[in-house]
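Colleague: I am new to this structure and would like to learn how to read it. Could you take me through a few features, one at a time?

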Amino acid sequence: MPIEVDQPECIDDIFNCSPAYNAIFSCLCPADIIRVSKTCRLLRDAATHFHHLAYNVNRHLEHFVRNPLALRRLQVKHRFLISGSNALQFLDRTFYPSSDLDVFAFPDNVKEIGYHLINEEGYIFEPSPTQPKKYDEVTVKGRDLSTLGRWASQADFVYNSGMSDLLRFKNPKRDLEIQLIACRRTPLDCILYFHSTPVMNFITHDAAYSLYPKATFDKRIAVSFGYNTHEATKKALDKYSERGWSFVDDLSYQNVKAVSPAIVPDVERYLDDSHTWIIPLDIDGLVMDTDGSSASSRNPFHCNSWKLDRDFHGYSTQIELGITYEIYHAPKHFEHAYLIADRGLREAMDQLIDYLTEQKPSRSENKKFLDSFLPALRDAHLEFPKRIYHQ
C-alpha cells in the first residue's frame, strides 16, 4: 500500500496557487517537471495545468501567422510537419531571435501551402537565384522513391539531403521567414536526415514529438551526423553548441556506452515508444480525419520506426552511429508510405497484402487501404515476432 505523508503547509499553499507554481515550473527543464509531477497528486495537477499554458501551440504559431488554426487545418489535410529549431523552441519553452519556421511537406502539397501563406497571411515569395521570380511559375520536384533503403553510417549523412526543394517566404512587415521544404521521400524521413539529435523534434496538427528527449532536454547532450567539414553542417553544429548542447565528439566504446540510455542505440524505435516524448495539443477548431488523432495509440502514423545502429570498424577505437530503416511504399494497399526498421514487420505487411489479395479480392477492387490494420499488426508482431505459417 502507498504510504500517505502529510504535506507541508507551505507546499499546499504554493501548489494551490497557479501564479506561484507557474513561476517555479517556468524555471525547470521539461524532464524535471515530469519528475516533479510524479511525486504526488497535488504537484501532478499543478504540472498538468502548467503544461496546458506552456504548450499552447496556437499562441506559439501566432508569432508567424495571424490565423494559426487555418494553418493547422491545412496541416490536417496535407500531413506536413513543423520542425527544425521552431519545434525545439516549443518543446524547450525558449525563444531564439531571428529563427524561422520550417514546414516539411510532401511535394504535391507544397504549392497549395505556399499560396496559403501568400494569400491568407500576406507573405511574399523570396526566390533563390535558380528559382522563377513569380510563385505561379515555380515547379516543385516530385517525390523520389527510387531508393527505399536507408543504411547510413554517421559519416554518410549529408546535411539536408532528405530535401528536394526549399521555398522561402518573407513577411513584408516583420522580420519573419517561413521555409517550405519539399521532402524527397517523406517529411519524417527528411527530419531523420538532420545534422544532429537536438533538432529531431516535430509538431503535427495535434501533438508535438521529441525523438531523443532524454539527450536533448535532460542531459543536454547531442550526437551529430555527417562530417563537420561540410560548411552548412559545421555552422549548424556550432550554433547548437552555442545554445547549450554538448556534442559527443569522441565516440569511443566507453563514451557511447555512457550516453546509451539517452540516445538508445541498437533498439528499433517507434514514434509512440517509451523513449519518445509526446505532448498532445489542443484540437479545438480542427476537423479531424477518419484516422483520428496522431496522439492516439491506434494511429498508423506511430508505426513509423527507425534504428540508431552502432558500427564497429576493424581495430578503430571509434564507433560510427547511423540511422537505418526502409521506406515501405505499397500505394495500391497502403495510403501512406512508412519508415520501417524491423524487417519482420515489413514481411508481415507483405503477408497481409498477399492474404487479403487472395482471400478478399473485393477489398482491392473497392480501393480500401490497409493503414488502419497497421497498429494491430505491429502489436501482434512485437508480441509474437516468430510466426509459423501452415501450407
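Modeller: Gladly. Helices (H or I, at least four residues) and strands (E, at least two) are DSSP runs, numbered from the N terminus. This is a predicted model, where local features need pLDDT of at least 70 and side-chain atom pairs count only at pLDDT 80 or more, while totals for chains, interfaces and linings use all residues. Residues are numbered from 1 along each chain as its sequence is written, and side-chain values use heavy atoms, with hydrogens and water left out.

Colleague: Where does Val264 lie?

Modeller: Val264 is in the loop between α12 (253-263) and β11 (268-270). Now for its backbone: most residues other than glycine have a negative phi. Val264 is not a glycine, yet has a positive phi of about 50 degrees.

Colleague: Is Val264 buried or exposed?

Modeller: Buried means under 20% relative accessible area, exposed over 50%, and partly exposed in between (1.4 Å probe, protein chains only). Val264 has a relative accessible area of 8%, so it is buried. Arg93 also has a positive phi, about 55 degrees, without being a glycine. It sits in the loop between α7 and β2 (101-105), and its 25% relative accessibility makes Arg93 partly exposed.

Colleague: How many aromatic pairs are there?

Modeller: A pair of aromatic rings is described by the distance of the centres and the angle of the planes. Rings of Phe, Tyr and Trp (its six-membered ring) pair if their centres lie within 6.5 Å; planes under 30 degrees apart are stacked, over 60 edge-to-face and the rest tilted. A search of the whole structure finds 18 aromatic pairs. In one of them, Tyr55 and Phe90 have ring centres 5.6 Å apart and planes at 70 degrees, so they are edge-to-face. Tyr55 belongs to the loop between α4 (41-54) and α5 (57-61) and Phe90 to helix α7 (residues 85-92), so the pair ties together parts 35 residues apart in sequence. Both Tyr55 and Phe90 are buried.

Colleague: Which residues form an aromatic cluster?

Modeller: Phe15, Tyr21, Phe25 and Phe50 form one.

Colleague: What sits over the ring of Tyr135?

Modeller: A charge sits over a ring if NZ of Lys or CZ of Arg is within 6 Å of the ring centre and within 35 degrees of the ring normal. Over Tyr135 it is the charged end of Lys111, 5.1 Å from the ring centre. Likewise, Arg243 lies over the face of Tyr240, 5.0 Å from the ring centre.
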